[in-house]
Amino acid sequence: MDMKLKAGRIAGAAAPYETPPGAAALARHGAPRLWAEFIALFVLVPLGLALFASQSWHLFTTFLICLAIGVALLQVTPGFRWRSQLEGPIAPHARASLVFIAGAAALIAALVFWLTPASFLMLPMLRPELMLTIALAYPLVSALPQEILFRTLFFERYGALFGAGPAGRWTAIGVNAATFGLAHAFYANWVAVGITALGSLFFAHAYLDRRSFALAVFWHSVAGVLVFALGLGRFLFTGAVLP
């Protein structure tokens with residue numbers, strides 16, 4: 001076992017994800033409270049935004065409040081350490097990243113040509129300065145805080161609620177994808193919900209299987225920038241659905 005573990009570390013292989021013992025114990029003894037937190041943050045808040053948000057500041061303010069709550073909850077989650085999010089560099093996953101980028105670009109381009117072909121590459125061609133701003137700001141302003149909520153908080157504090165073993169893990173990933181899609185329901189179109197739910201499966205894979213928060217943020221950032229660069233941004237732009 002020791003030799004295999006050492007070989008895996010030398011090769012840069014990620015250790016299988018395991019719920020921290022403290023978080024697992026919290027799920028066993030405090031499940032009602034955790035379920036209440038989970039439903040409030042990942043179900044009721046997104047539904048409330050989808051049904052009642054009428055101004056952009058409603059969305060951004062609510063998101064910032066949820067982010068602050070999420071950070072506070074992580075602070076009191078047994079066994080969680082912020083330094084764990086600094087582990088798992090991006091470089092060892094270069095091949096997987098190339099495959100992800102190529103697949104995401106192909107899927108997004110196909111959706112653009114199907115739904116709104118006139119929008120293909122419109123933003124970088126007509127507003128290159130805006131496209132550059134989005135490319136620089138999106139990772140820090142959007143992808144990073146979303147990953148803290150939907151990957152770090154979700155799996156580190158609530159992952160154990162869905163059970164142990166492969167079945168529990170896949171249940172957690174499926175619920176994670178569903179809640180991430182639901183969080184984009186305020187865009188009021190199936191494209192936003194569907195593409196974010198699908199992307200969530202890959203971001204969860206980066207976080208759980210490859211044990212890299214940085215990789216999840218990177219893949220999320222690339223996917224978001226591609227959405228706007230290739231022409232699908234009108235389906236995930238707040239100004240298009242809210243006055």
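Helix 7 contributes the most to the lining of the largest pocket, with nine residues. Helices here are DSSP runs of H or I with at least four residues, numbered from the N terminus. The model is predicted: local features need pLDDT of at least 70, side-chain atom pairs count only at pLDDT 80 or more, and totals for chains, interfaces and linings use all residues. Residues are numbered from 1 along each chain as its sequence is written, and side-chain values use heavy atoms, with hydrogens and water left out.

The largest pocket holds about 1300 Å³ of space. On a 1 Å grid over the protein atoms alone, a pocket is an open set of points where a 1.4 Å probe fits, with protein on both sides within 12 Å along at least five of seven lines; lining residues have an atom within 4 Å of a point. The volume is the space filled by probe spheres set on the points, which are joined across faces, edges and corners. Of the 49 lining residues, Tyr138, Ser142, Gln146, His184 and Tyr187 are the closest to the centre. At least two lining residues come from each of helix 3 (31-52), helix 4 (56-75), helix 5 (94-115), helix 7 (128-158), helix 9 and helix 10 (213-230). The lining has 38 nonpolar, 11 polar and no charged residues. Ala, Val, Leu, Ile, Met, Phe, Trp, Tyr, Cys and Pro count as nonpolar, Asp, Glu, Lys and Arg as charged, and the others, Gly among them, as polar.

Helix 4 packs against helix 7 at about 35°, with the axes 10 Å apart. Axes are lines fitted to C-alpha atoms over the stretch in contact, and angles run from 0 to 180 degrees between N-to-C directions. This crossing is left-handed: the near helix is turned anticlockwise from the far one by less than a right angle, whereas clockwise would be right-handed. In the contact (heavy atoms within 4.5 Å), residues including Phe63 and Cys66 of helix 4 meet residues including Pro145 and Gln146 of helix 7. The contact comprises 11 nonpolar, three polar and two charged residues.

The axes of helix 5 and helix 10 come within 10 Å and cross at roughly 30°. Helix 5 is therefore roughly parallel to helix 10 (angles under 35 degrees). Their crossing is right-handed. Among the residues that meet are Phe100 in helix 5 and Trp219 in helix 10. This contact has 16 nonpolar, one polar and no charged residues.

Key
Angles under 35 degrees count as roughly parallel, over 145 as roughly antiparallel, 65 to 115 as roughly perpendicular and the rest as oblique.
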